[in-house]
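Colleague: Could you walk me through this model, starting with how far to trust each part and then moving to the contacts between chains?

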Amino acid sequence: MTESVAIAERLSASSKQCLGVRGLSKYFGDFAANRDVTLSVDAGEIHALLGENGAGKSTLVKMIYGILKPDTGSMELLAKPYSPDSPSDAKHSGVGMVFQHFAVFDALTVLENIALGLEGRFPDEILAAEIAEVCDRYRLHVELNRRVHDLGAGERQRVEIIRVLMQDPRLLILDEPTSVLTPQETEQLFTTLDRLSDEGRSIIYISHKLDEVRALCDRATLMRAGQVVDVVDPRQESTRSLGEKMIGERLTETKRSKVSSAEKKKARLTVRVGDVYPESTRNVVLNDVYLSVAPGSILGISGVSGNGQDTLFDLLSGELILPNPDSIVLDGEPIAHLGVEKRRFLGLLGAPENRLGHAAIPELTLWENVILTARHTRGILKNDHLISGTSAKAFADEVIKTFDVRTPSLNAKASSLSGGNLQKFLIGRELLGQPKVFVVSNPTWGVDAKAQLFIHQMLMKMADEGASVILISQDIDELLSVTDRICAICHGRLSRTFPTDEMTPEHLGALMLGQEIDS
Amino acid sequence: MIFVEARAVTRWYHEWIAVLIALILTVATASALLASLGLDPVSSLHRIFIRPLNSVYGVSELLAKATPLITIGVALALGFRAGVWNIGAEGQLVMGGLCGGAVALAFWGVDGFWVMPLILLGGTLGGLVWGAIPAFLKVRFNANEILVSLMLTYVAILMLSVMVHGPLRDPAGFNFPESRLFHDAATLPKLFSAGRGHLGFVFALMFAVLGTWVVKRWHLGFEMRVTGLSPTAAKFAGYSRDRTVWMALLIGGAVSGFAGVVEVTGNIGQLVPNISPSYGFTAIIVAFLARLHPLAVIPAGLLVALSYLAGEAAQLSLGIPAASTQVFQGLLLFFLLGTSLLVNYRIRFGRIG
Amino acid sequence: MDYGLLSSIIHAILVASTPLVFAGLGALIQERAGVLNLGIEGLMIVGALAGFATALAGYPLLMSVLAAALAGALLASIFAVLVLRLYANPVATGLALTLFGLGLAALAGSQYVGQAAPQVDTWAIPVLHHLPVIGHALFSHDPLVYLSILMAFVIWWFLKKSRAGLILRAVGENHTSAHALGFSVRGIRFLAITSGGALAAIGGSYLTLVQTPLFVEGMTAGRGWIALALVVFASWRPFRVIAGAYLFGSVTILQLHSQAFGISIPAQWLSMLPYIVTIVALVLISARGEKGLAAPGSLGKIFRVSR
C-alpha cells in the first residue's frame, strides 16, 4: 500500500483537474456527432460517460484519444493545452485507451501482444519482468507465453489493460469494458479500477449499464444526440432516473405477460445430444446439450460471449448438422440431419448475431437480401430455379412498411442501414415467414434503445402468435424482461432451465460462470 | 482534402463511367509510351488500332480472335463472381483443343452430321476434367485453386506437346510436330470469304446471352455470387460452398474446353504444339473489363481481340514485339481496377470526417 | 557412382534453385504482412531485364543486382498503390502486374535479344572449396547463391528477433488491431511489397546474369508462380523456402540429366514433374487443415481505413 501512496503523491503533484474539454464539436457532413461538448475529469476520479448508442460518446473519446480531430473547441490535460494528432500523441501525453473490440493478435503470445503496444519494446525477459510487476500490483493474472488465441474474453481484456497500464497513464479510457465479462470478472475489474483511482489516475468509463455506473463512478456526464444533457452524481440517482435522462423520455416497461400454465403445451422443439464439434476449431465444443421449448414461449440462453453460443446457434439453425436425426426433434419429426433449407421449410427460422456477413450480405441490396432466407415464400423462386425480382421487391417492401424500417430505398445496400433498422428488417424478414421456432442471437447488440424496445415487442408478438422463441443473449436485463424460462451456457455446457420469475440477476450470474453445471 | 465515402445506392452508369475513364487513361499512357520510343502516338495508334479493321479480312480476323476471349470470359465472369479464382482457363482450353482434336483425328475421313457435335463434346469433356481437378482438390483438401489450376496449365501445354510430337503426329508430315489437317466434316464453317472468322463467334454470342440469363435470373447465379461475397451468410442461406466451387470450376473448365476445340476446328484446322496465344489468361482481363457482366464481355472481348491485332500490326509496321500488347492489356487492367473504386465509393472534396 | 558428376549435379541444382529462393522469400515477406501478390512472375522478368541491361552496359555485378532490385521495387509500388490506396482486388491486380511486367520486358528487351552478359566471377570459399565432392558442389559459387541463403537468415532474424518484424507479423495477422494500436498498416505493407518486389526481381536477374546469360522474352517460364506455391509449401517460414526451392531445383536438374541415368521417355513428361510436385505438395500441406497451415490471418484481405 505504501507503494500506492508513493505513486499517488507523484501523480497528485499536478493540479486537481486532469482533463478539461470545452466547447468541442465534431461534424460528419451535416450531421453533428458532437456539439459544444464540455467535460471535466478530476485527478483520481472515475467519471462515467453515459448515453445510448449514437449519443456521441465514442466520437468524444476518439477526439480525446487523438483518433479524430475536433472541428471546434479546446482541451486541457494536466493544466496544459492538449490537442493530440494521433493515438501515439495521446499516449505520450499520458492518455491510455482500452477498446471495446480488443486490438489483440490471436497468433501472437500475450507477451508479444503487450510489447506491440509499447513503443520501442521487444518481447524479452526484461519486459516480462516489468509486466509481472505491474500484474502483481493490480492483481491482474495472465500467462505471458500463452497465445491469445487460447484466451477467453476476460483474459484478452486483461492483456489490453496491462498494455495500457505499462505506459503509466494519467487518464485511462475504457469503452464498454464489461460487455463481455461475467459478473465476477466485472467485480475483479472494478477492484483494479478502484486501485488505479486510489493512485490518483483518472478514468473515463463509457457504458450504458446504469447499475454498474452507480456502483463504480464518482460522477457521470450524460450525453444525448451529440450534446451533454447533464452532469450528475450517479450515487444520488436511481437507475430509472438515470435511464430517463439518458433516453430523454419515460421508459415503457417491457415485461412479458406471463403465459398461463393452462396454455402450456408439450415441447415443440427438443434438443438432446452428447458432444457437438463445430467445423471451425475457433468455436467452442458443446457437451451434453439438452433443451426444449414449448409453443408460445420464449426460452432465454444467457452466457458470456465465446462460451459456445455460436456453435449452439449453428446447431439449431442447421448450419451444423448431426449424423443422428433424433438429436433434434421438431413437432415429433427428427431434424438433426437436415440442413438449413429443409429446416426452414419445417418452420425453423433464425437471425444470427452477426448482422452483416452472416444474416445479411453488406454489398447486396435489401431486396436481394430477402432472397437469402425467404426465397421459398411468395413466389420469389419460380420452378426452383428462376428468381422473380418483382416478388422479392414486394416482400422487402412489406417488411419495410410493416416494421418501420428507415431506409432510402429497396435498392439500398444492407451495409447502409443503421444497426437497429437492419435488425428490424432481418427479424421482420423471418417474421413474415411465420416461424414455428425462431432462434435469435443477441438481437439488440449495438442497437439504440427505441429499436431495442421494438425488437423485444417483435419477439413477444411472435411468441404470442404461437411460435417458440429461443433468445441467446448476453444482456441480462433483456433476458429477465423478455423470456419465460431461462438457462445459461458456460464452456459449452447448458445449465438447468428455470422459470424467469424465479430468477435473480445474482443467480443468473452464478449460472453464467458455470456454477451448478455439473461436469 | 479528398476522401472517399461509400455509396448507399449504386446505379448502373457508375460502372460505365469508371470503365470509360480507365480506357481514356490507358490510351493516354500507351501514347506516352509510344512517344517515349520516338513514335508519333496519333499516327501509330491509328496504324495499329484502326487500320487493321479497314477490311472484311480485318473484321473477320477480329472475330476469330474475339471468339475464345468472349467464350471463356463469360465463364470466368461467373466464376469470379463466386470468388473462385480459376486462372487456369488456358490449360482447360488446351485440354479441350487436345481432346477435341484427338476425336477429330480418330474419325478422320468419316463424314456424318454427328461427327462435329462429337468433336465438340470431346473437347468440352476434356476441359471439364481439367477444371474438375482443382475443384476436387479444393473441396476435398482445401488446396488453393489459383495455384492448382495454374500448375495444370503448364501440364496441359506439355501434354499437348507430347501428343503432337508423338501419337498424334501426321504420319506424312516429315516429322514436323503437327497433326494431319482436319477433314471438312471436322471443321467449323467460316463466316466470311476472307479471314478466319468462323461459326464459333456465334456460339460465343450465345454463351454471353446465356451467361447474362444465369446471372440475372437464375438462382444458381445468385447462389454463386452470394457464396463469393460471404461464405458465412451463404451457409446461413442454405447454399453450399462446395457446390459453388464445383459449379464455377466445372463451368469454367467445360466452356474453356469448348473454346479450345472451337479454336482448333474453326481457326487452326489441325493440332500444333501452340494452339493459343494465352487466350485463357487474357480472358481474365476481358472478364474484369466487362466488370464481370456476361453481356458486357462481348464488347470487352472485341476490344482485347483488337489489341492482339494491334500487336501484330505493331510488329509489322512499327517493328516492336507483338508481346508488347501485354503492356497495353496490363495497363488497361491496372486502370480498370484503380477506377473501380469509383463504382462503390464517391469521391468527396472537403475536410475528412 | 561418378563423384564428379554428382558434384556437378549438386552444383547445378543450387544454381537452378537460387532464383526460386529469392522469389520465394520476396513473396514470403509480403504474405507475412498480409499481402497476396500474384505479380511475382512479372517482377521477376522485369528484374531479369533490368539486371541484364545494366550488366551489358558494363557495370559490375553489384550494380546490376541493385538495378534489378530498384526496377522490382518500382513495379511493385504500382501494385501497392492500387491495392492499398485504391482498394483494388489483389488477385486481379497481381495478374495485371504479371501481364504488364511480361509485356514491358518484351517491349523494352527486344533490343537485347541475342546478346550475352559477361561471365560472373565465382567466389570460392577459402579452404572449404578444396573438400572432395562438396567443395565444388557447395562452396564454389557465384556471390548471389550465398546472398540468397544469407537473405533467408536475415528475413528469419527480422521476423523473429526484431521489433519491426513483430509489427510486420502483427499487421499480417490482424490489420484492424494493428491499425487500432496506431501502426500504419498501409505504410508497413508498402515497404513489404516494395522490398518483396525487389527480392523477386533479384531472383529474375539471376536468370540473365548467371544461369543463361541471355535475355529472351517470357524466359521466367512460370518460376514466379512456383515461388508462390513454395511459400505455401514452406508454411510461411524462410528456411523451409530454401528447402522447397532446392527440392524443385533438384527435379528440374534431374530431368535434364535423365538421359545420363538411362531414362528414355519424352522430356515433356519430366518437365511436368515440378508442376505436379507443386500440386501434390500443396495438397499435402492444405490437407493438414487449419492447425498445420500458419497462414497469416489477414492474408489477401482488403484493408480499409474506417472513419
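**Confidence, contacts and fold**

Modeller: pLDDT is the predictor's confidence in each residue, from 0 to 100; helices (H or I, at least four residues) and strands (E, at least two) are DSSP runs, numbered from the N terminus. This is a predicted model, in which local features need pLDDT of at least 70, side-chain atom pairs count only at pLDDT 80 or more, and totals for chains, interfaces and linings use all residues. Residues are numbered from 1 along each chain as its sequence is written, while chains are lettered from A and ligands numbered from 1 in the order in which they are written.

Colleague: What pLDDT does chain B average?

Modeller: Where pLDDT is low, the predicted coordinates should not be read in detail. Chain B averages 87, and 94% of the residues score at least 70.

Colleague: How many residues of chain C are in contact with chain B?

Modeller: Two residues are in contact if their C-beta atoms, placed from the backbone, lie within 7 Å. Here 39 residues of chain C meet 37 residues of chain B. On the chain C side, α3 (61-85), α4 (90-109), α10 (223-233) and α12 (267-287) each give at least two residues.

Colleague: And which residue counts does the contact between chains B and A have?

Modeller: Chain B brings 16 residues and chain A 28 residues. Of the chain B side, α9(B) supplies the largest share, 5 residues.

Colleague: How many helices and strands does chain C have?

Modeller: Chain C has 13 helices and 2 strands.
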